[in-house]
Amino acid sequence: MHMKTALILLVLAFATIFALVCVLLTRGRAPGTCQHQPPEPEVPEDGRSLVFADLTPEELAQVVRYLRGSLGVPLVDASRAKPSDNCIASVDVQLPAKAEVLRFLDAGGDRPPREALAVLYFGDQADPNVTEYVVGPLPVPTYHRDVTVQKYGGKVPYHRRPTLAVEYEQIAGFFKSRVFPAAPSFMRQVMEYDGTSLAAVTAAPRGFQSGDRATWYILFQNVSGFFLHPVGLEVLVDHGSLDMGQWAVSRVFYNGQYYRDMAQLESAYVQGRISVEKVRRVPPDGDFSSMRPRAPWATTFPLQYEPQGPRYSLRKNHVAFQAWSFAFGMSVKTGLRLLDIRYKGERVVYELSVQEALSVYGSNCPGGMSTRYMDGSFGIGRYSSPLVRGVDCPYLASYVDVHYLAHSQEVRTIKNALCVFEQNLGSPLRRHFSNLQSLYYGGLVNSALVLRSVTTVGNYDYIWDFIFYQNGAIEAKVQATGYTSSSFFHGDGLRYGNRVGEHTLGTIHTHSVNYKVDLDVGGVKNSLVAHDMAFEMARAPWNPEQQIERPRLTKRVLDTEDQAAFRLQSKIPRYIYFAANSKNKWGHQRGYRIQIVSFAGDHVPEASSMERAISWARYKLAVTRRKEEEPTSTSIYNQNDPWTPTVAFADFIDNETITNEDLVAWITAGFLHIPHSEDIPNTATVGNSVGFLLRPYNYYDLDPSIYSHDGVFFTSEQDFTACEVNPIACLPKTASCSPNFPPFTYEGFKNMSRL
């Protein structure tokens, strides 16, 4: 369930926008006034986290201004560039090298220079190529350096470039001016095409060998939720030439049959040699694909609020919550990332970031069967959704705007692209009721901090969460929702999914998400240790005639990268952790355990000609030495040339020693999705959540949450209705207020247009 809109026809999602009116009834008390502005942090953030900050709109504009005046070649705005033009495809922050940052953060060194990474398409050259420049220092650049060869070992061929929005618009024009007119009778009588009634979705990758740029486009009825309304027509367009006049149709598919081009399809139709499957026109709201509620608004759902204001601080790109602190940012390509994560002032993770989201499809239609989407190429961060208060995040969460520059020289702003909130998970983090000997109750509410963004890439919505618990654990979680992808139902379609509409096949596919986790446990130098269990047979010491099968602890240090690379379906030690050089009070190596939550489908066979481009998905976990020259597990250039991958993760694993080194864990979580009728109109997040946890393992001398201010404890001898004994007893008073909900606003439809 994951098709990209080709931006041939951008159909806006409909959102139900409503105002929330809430009156909380109190127990005979007049409602008070709740504070909803974050309080001043106890220790003000000193600005050091800005070393990781995303570029500001002013900095982005300065980089564009510098490049336009310094490269000596004409640059066309990417929003209107032809393939044969030069343009700035994107600008993002260039994070400094880790060693420089640590000298600055930990050793009083100089602040590293602030730099940008600019990706340029040079189509107006004798040797068209993609070039990456580091530009700095900001805010006023004075230099640029070409880092392409240094990063990738050579130039990036032009055919590997991610497709710009304007190229999709140009392909849309090609369809309207040259493709559809070649079959006038078929388009009018069978497709009932009126110039605007069809929407198209791109498949990817684009061909079968390096150098190809030929894309299948799947046609749908242009209605709300069009992803569920295929019409049976798919067209293969060769758009590899930089001269758009040379673009051509390479193949046409209709209702199970292939044709050389649209003219041949038209001829077969006119001569009655075609099997026509008439698709009923659906209303603009999409009928069964509509997200419009089928029931009227009733009572208000439960709401979450902080009676005394938020217990976290949010300053620019820095968040502090109880013992936690971290910096955050949004990469145009890979989305949300966290840096310098600390617990009680001690760094636990240097970098925690999304790397890629992959979907591999099956179908008996050409577009579906050839699709392997690598979302980083489309832009996981670029397609961040404006978040809707009260639905995407709690109404009173803190919201953060994101600025980016991609596919245009104009800086864009995504309003409310991130949200931060503390969430009462409704269950205890830990508890015990003692009914033997002494009588007491002890418990701790499981209240955690959440940082969230949502990416909408075409039909699919990914909800990205990073969750911080009071016991020192971190969870990275992605939930999948949105529209399922579909193919036109015909022939043996049931081999590739379930039928979910009269002409709609929900096609089988896998989802795989890759994360980079640069753990620094008790320092930069770590080792990887595996603990597990085995049964041993023993004679009972008090009765040698009796045998006992007792579990025992197994221990193993994984010394090399090869030993630390665990294939997707292989067995992995149940306790695998990054171990520090230091020990806790009880003599154990301090560590952080990696616990993966995944029910991934099978990986693409390694014999596939394109598998190396997605070779990170071979492994549920791979631990390698950290290297500045291996910053990401993939590349935005892999999507359009997976047969000669610009970055092949498998090459990272070369059996180097990983004992007492700076290590990185590359984690893949995923699931198999066989769409079914309950995925209509939308896939629910329930059961479609995967990720991993980082959990302290002998890192502390005891559970650090025992020091939480939220603990509850009382004995049978105490007056547990008294506030000084039991803070929960105070809630009828301290929480007896009507929260001041700000007015509902939403700017997600601003600066959007239908193509």
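User: Which residues does the UniProt annotation "domain: Copper amine oxidase N3-terminal" cover?
Analyst: Residues 161-256, according to an unreviewed UniProt entry. Such annotations may be inferred rather than shown by experiment; positions follow the numbering used here, and feature names are shortened. Residues are numbered from 1 along each chain as its sequence is written. The model is predicted, so local features need pLDDT of at least 70 and side-chain atom pairs pLDDT 80 or more, while totals for chains, interfaces and linings use all residues, and side-chain values use heavy atoms, without hydrogens and water.

User: Is strand E9 buried or exposed?
Analyst: E9, residues 214-221, is mostly covered: 8 of its 8 residues are buried. Buried means under 20% relative accessible area, exposed over 50%, partly exposed in between (1.4 Å probe, protein chains only).

User: Which residues of E9 point which way?
Analyst: Ala214, Trp216, Ile218 and Phe220 point one way. Thr215, Tyr217, Leu219 and Gln221 point the other way. In a regular strand, side chains alternate between the two faces of the sheet.

User: Which strand pairs with E9 over 5 bridges?
Analyst: E8, residues 198-202, in the antiparallel sense. Pairing needs at least two DSSP bridges between the strands. Leucine 198 has glutamine 221 in E9 as its bridge partner.

User: New topic. Where is leucine 702?
Analyst: In the loop between strands E35 (689-697) and E36 (711-715). Leucine 702 counts as partly exposed because its relative accessibility is 47%.

Terms used: Helix = DSSP H or I, 4+ residues; strand = E, 2+ residues; numbered from the N terminus.
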